[in-house]
Each structure stands twice: as C-alpha cells, then as structure tokens.
Amino acid sequence: DGANLLIVDPPRKGLEEAAQWLAHDAPASLERVIYVSCGFAALKDDLRVILGSGRWQLRHAEGHVLFPGSDHLETLVILDKA
C-alpha cells in the first residue's frame, strides 16, 4: 500500500529525472498527480515523457496569472492513471 496522490511543484527546470520515474517506476498505488509548474517549457518536456509512457492521461490543465503585468504564468495540471 502506498500513497494514491502525488503533488509536485518543481523549480523552473522541471522534474528532470523524476519525470522518468513517474513515467515508468511510480508505485501502482499512485492514481493521481497534481503538477504545479512555473516553467512552461519544462512542463512541456516533462509531460512528453510522462504522457508518452501510456501510464498517465491528462485530466485537466489551467493557467493562473499570479503576477499581473508580467508574462509569467503558473500552470496547474492534473494527471490520472490511464
């Protein structure tokens, strides 16, 4: 038995090796991942790895402007086990 929910909020460089772990080695008990991203390019790269594994599907994505007047966007993504 393990946790069924994982919340990640990586730095701008993204999950890096942890994306591979999530894609291929995460425990079977894990059913949902909530990913908060401040770096859209890294998020795109991480999702390519994670979703490309076929183990996860995108349930929801939304952007939030936390710093009006800037071009910065926080992104919230919810992934469910496929």
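This is a predicted model: local features need pLDDT of at least 70, side-chain atom pairs count only at pLDDT 80 or more; totals for chains, interfaces and linings use all residues.
Leaving aside neighbours within four places in sequence, I50 is in contact with L15, A19, L22, A23, W56 and L79.

## The nonpolar core

I50 belongs to the largest nonpolar core, a set of 14 residues. Within this set, L22, V33, I50, W56 and L79 touch the most other members. The elements that contribute two or more residues to the core are helix 1, strand 2, helix 2 (40-52) and strand 4. Helix 2 gives the most, with three residues. In soluble globular proteins, nonpolar side chains tend to be buried together.

W56, another of the core residues that touch the most other members, is placed in strand 3. Its relative accessible area is 4%, and since the limit for a buried residue is under 20%, W56 counts as buried. Beyond the residues up to four places away in sequence, W56 touches L22, L30, E31, R32, V33, I50, L51, L79, D80, K81 and A82. That list includes L22, V33, I50 and L79, which are themselves named among the core members with the most contacts to other members. The list also includes the charged residues R32 and D80, which return below as salt-bridge partners. The C-alpha atoms of W56 and I78 are separated by 9.9 Å, the two residues being 22 residues apart along the chain.

## Overall fold

The secondary structure comes to two helices and four strands. Read along the sequence, these elements follow the pattern β-α-β-α-β-β. Strand 1 (residues 5-8) pairs with strand 2 (residues 32-37) in the parallel sense, over four bridges. In one of the links between them, V8 has Y35 in strand 2 as its bridge partner. Together with helix 1 (residues 17-24), strand 1 and strand 2 make a right-handed β-α-β unit.

The C-alpha trace spans about 45 × 20 × 20 Å along its principal axes. For 82 residues, a compact globule would have a radius of gyration near 12 Å; the value for this protein is 13 Å, which agrees. Of the 82 residues, 33% count as buried. Among contacts with a separation of 6 or more, 70% are between residues 24 or more positions apart.

T75 lies in strand 4 and has a relative accessible area of 9%, so it is classed as buried. Setting aside residues up to four places away in sequence, T75 touches Y35, V36, S37, F40, L43, E62 and G63. One of these contacts, Y35, is the residue already described as the bridge partner of V8.

## Salt bridges

Side chains of opposite charge can pair when their charged atoms come close. The count for this protein comes to four salt bridges, and the table gives three of them, with the distance between the nitrogen and oxygen atoms.

| Salt bridge | N to O distance |
|---|---|
| K13 and E16 | 3.7 Å |
| R32 and D80 | 2.7 Å |
| R59 and D80 | 3.5 Å |

D80 counts as buried, at 13% relative accessibility. R32 is partly exposed, with a relative accessible area of 27%, whereas R59 is exposed, at 53%.

In the bridge between K13 and E16, K13 is exposed, with a relative accessible area of 56%, and E16 is partly exposed, with 39%.

Technical notes. Residues are numbered from 1 along each chain as its sequence is written. Side-chain values use heavy atoms; hydrogens and water are left out. Two strands pair if DSSP finds at least two bridges between them. A crossover is right-handed if, with the strands pointing away from the viewer, the path from the first strand over the helix to the second runs clockwise. A salt bridge is a side-chain nitrogen of Lys or Arg within 4 Å of a carboxyl oxygen of Asp or Glu. Buried means under 20% relative accessible area, exposed over 50%, partly exposed in between (1.4 Å probe, protein chains only). A nonpolar core is a set of buried Ala, Val, Leu, Ile, Met, Phe, Trp, Tyr and Cys residues joined through side-chain atoms within 4.5 Å. Contact means heavy atoms within 4.5 Å. The radius of gyration is taken over C-alpha atoms; the globule rule is 2.2 Å times the number of residues to the power 0.38.
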